[in-house]
Each structure stands twice: as C-alpha cells, then as structure tokens.
Amino acid sequence: MPGRVLTAPTGAPHATLLGLGAYRPRRVVPNAEVVEAIDSSDEWVQQRSGIKERRFASPDETVQMMAVAASRQALEQAGVAAAEIDCVVVATVSHLVQTPAVAALVAHELGSQGAAFDLSAACAGFCHGVALAADMVRGGSARHVLVVGVERLSDITDPTDRGTAFIFADGAGAVVVGPGEADGVGPVVWGSDGARADLIRSREDWRDVLASESPRMPHLVMQGNEVFRWAAFTMAGVASEALERAGLTPDDLDLFVPHQANMRITDAMARAMKLPAHVRIARDVAEQGNTSAASVPLALDRLVRDGDARSGDTALLVAFGAGLAYAAQVVTVP
Ligand SMILES: CC(C)(COP(=O)(O)OP(=O)(O)OC[C@H]1O[C@@H](n2cnc3c(N)ncnc32)[C@H](O)[C@@H]1OP(=O)(O)O)[C@@H](O)C(=O)NCCC(=O)NCCS
C-alpha cells in the first residue's frame, strides 16, 4: 500500500563552482632531500615521475588548518559567507583522528553550522565531493556546499620506501558549489574496482599495529607499476566519457586537469585522448608532488595563478587512486 505523499525537496535548476581556494605548505622539499634515504637520484625521480619538488607540512600546518585556509579563499572568491554554507564535505585519507570528522571542525572554525562529513575516496575524493555537492544543490538538500580536498601524506608515507617516498606530499584545495545561471558541473563518471584494492593501501590495520611488538605507523604501500598501467590506460577512457556526457568534444575544452599522480600518466592520458594543442594541461605535480585528494583543486589553482586558466574556462577533471576509485567531470572555472 502506498504511504502518504511527502513534499519532495526542490533545488536550484543549475549548480556551478562559485569559488576556488588553495593552501600550499610553507616548506619546499626538493628531490635532493628525499632521495638519499631511498638510494635514488634527482634525475631518476624527475625522469620517472616528473616531480622536482614537493611541499611537506610543518607541525602547525594541520589537516584542519590547511583545509580552513583553502576554504577561506574559496568563500572569498565565491562571495559567500561561511554561515550560508549548508554542508561541508572534506575529502581526505590523512586526518589521523578516527572520529569526529574533521569537516565538523572545519565548519565550526569557519563559522558554519551546516552538515559536515568526511569522504574517503583517496585521490578521487575531491571529484567525488564535487559530484555530490552539485547533486545536493540541484536536489535541494543544500544551497551552498563547501568541498575540500586536504592531505598530510607526509605523516603516512615511509621516507625509506623507494616506491612512495618521492611521490606523496601535503596541501589543500577547496571549492564552493552553489546555484548558477547555467550548469557548471557536468555529469560525473565514477566507479571503483575493489578487486584491486591491494594496489594502494595502508600497510596494516590499527589492531595489527597495536598488537605488534614495535608499533609503527601503517604507512601507504603501493604497487606502482600496476597502478601506473591501470591509470595510464583506463583513465583516459573515463575522462573521455565525462566529456561526452557533458555534450562536449575535446575541441570544446580549455583545460585538462587530471589528478597529479605522475607526469608520465598525465602525458599518456593526453595522448590517448588526442587533446588538441590549445588545451592547457595541469602539470602541478612537478612542484607539488602527489597530494591525493588535494591534487585536482591545487592543480586548477596553479593554472589560474599562472594565467593559463580564466573564469569561464571549461575544464575536464579526472581523478583516480586507492580503492581503486575514480571520478571525472567537466566543470566551468569559477
Ligand atoms: C613509482 C614509479 C615512478 C616507479 O616507476 P617504475 O618505472 O614503475 O619502476 P619499477 O618499480 O618498475 O622499477 C624499475 C627499476 O627502477 C628501480 N627503482 C624503483 N624505485 C626506485 C627509486 N625510487 N629510485 C631509483 N630506482 C628505483 C627498481 O629497482 C627497478 O630496477 P631494475 O630495473 O634494475 O629492477 C611508477 O610505477 C609510478 O609512478 N607509478 C604510479 C604511481 C602513482 O602515480 N601512484 C599514485 C596513483 S594515485
């Protein structure tokens, strides 16, 4: 028997990005500082990953502090007060307190009493957050949503691990998603492949850590070669599908902003997608390393700061990582 008819929520007809913000930790760490512990060299790291330097957070640059700093910039550009934020979504895998969600602390520090929760989809977390936020705005459960990607991966990376020590880094990026005159967030293409969850993961679970005789941080471990192949050969298809579902072709794009995992993965995707020469490609990984959930907004911010991206540009985002989780969508630069 059908129940009572409920009033359904109604949202804004269109959702768009209203503001963008970033926080890069103060301390610049060149390859020279990380290669000794892994018997590597600046040349090897640059040639295999394109990374020249990265930023590591200092003790005062906590996950919360970096998230708040990036968010303030995003709110300012959006012209939206913190009190108008109905929901704060923080994508991260490196907030080392199990509960409560850092999103609640970020919301409080900013001055929002909106809903607040963390999202765990590793390097794809920010693009997951943008997809959810746009659906919330269009669906009516929030008018303005703050989406943050933030990581302190230096806390959970083993500096002696040859496969990860030179890759992972720290930082934060944020966007405000809200109503717009036209849609500025296209349909998301997303998914996961849990059968290959072993390829990037924490080395062990906290109970095993505590049961061991010499407890140590359950650092990230990665089968780099396998991850490389998956990302380089599969993610171009995911990105192309997001473009198609937005009703666009590569000629319509101004910017390609893939997750900053490795310059060679970015190059392989750009080749596979046959991106025209006019499309500017984010290459923030050279100076920022791989900052997981923070990498896409940081890379977009770099393009804007360098004058390679302008408000109104059309950008294709694609992010992928542990899970294996991935998400892609087209956005209009705020
Ligand atoms: C990590 C990565 C750069 C390693 O490059 P690779 O070409 O796959 O390297 P391999 O592991 O196959 O090792 C190749 C050789 O380099 C050596 N090597 C591995 N790490 C090294 C290091 N840090 N420094 C110097 N040599 C190293 C290996 O011992 C091996 O030597 P051999 O040929 O004599 O046996 C690469 O796999 C990668 O970037 N993967 C994707 C990682 C990524 O983006 N992850 C994030 C996704 S979210």
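1. Is Cys123 buried or exposed in this model? The structure is a predicted one, and in it Cys123 has a relative accessibility of 9%, which is under the 20% cut-off, so the residue counts as buried. Cys123 sits in the loop that runs between strand β5 (115-119) and helix α5 (125-139). Setting aside residues up to four places away in sequence, Cys123 touches His259, Asn290, Ser292, Ala293, Ala319, Phe320 and Gly321.

2. The UniProt record, an unreviewed entry, places the feature "active site" at Cys123, His259 and Asn290. These three residues are spread over 168 residues of sequence, yet they cluster in space, with a largest C-alpha distance of 8.8 Å.

3. His259 is found in the loop between β11 (255-258) and α8 (263-272), and it counts as buried because its relative accessibility is 1%. The side chain of His259 makes a polar contact with the side chain of Asn290, at 3.5 Å. With neighbours within four places in sequence left aside, the residues in contact with His259 are Cys123, Thr266, Asn290, Ser292, Ser295, Val296, Val318, Ala319 and Phe320.

4. On the side of α7 the contact is made by Phe228, Ala231, Ala232, Met235 and Ala236, and on the side of α8 by Arg264, Ile265, Ala268, Met269 and Ala272. The crossing in which α7 passes α8 is right-handed.

5. The crossing of α3 and α4 is right-handed.

6. For residues 117-194, the unreviewed UniProt entry lists "domain: Beta-ketoacyl-[acyl-carrier-protein] synthase III N-terminal". In the model this span is 19% helix and 32% strand, and its end C-alpha atoms lie 23 Å apart.

7. Thr157 lies in the loop between β6 (145-152) and β7 (170-179), and with a relative accessible area of 8% it is buried. A polar atom of the Thr157 side chain lies 2.6 Å from the backbone oxygen of Leu153. Apart from neighbours within four places in sequence, Thr157 is in contact with Thr164, Ala165, Phe168, His219 and Leu220.

8. Arg216 belongs to the loop between α6 (206-211) and β10 (220-222), and at 45% relative accessibility it counts as partly exposed. Its contacts, not counting residues up to four places away in sequence, are Arg203, Glu204 and Val209. Arg216 and Ala182 are separated by 34 residues in sequence and by 50 Å in space, taken from C-alpha to C-alpha.

Notes:
Residues numbered from 1 in each chain as written. Predicted model: local features only at pLDDT ≥ 70, side-chain atom pairs only at ≥ 80, totals over all residues. Heavy atoms only, no water. UniProt positions renumbered as here; feature names shortened; annotations may be inferred. Helix = DSSP H or I, 4+ residues; strand = E, 2+ residues; numbered from the N terminus. Buried < 20%, exposed > 50% of the residue type's maximum accessible area, 1.4 Å probe, protein only. Contact = heavy atoms within 4.5 Å. Polar contact = N/O pair within 3.5 Å; in protein donor to acceptor, adjacent residues only side chain to side chain. Left-handed = near helix turned anticlockwise from the far one by under 90°.
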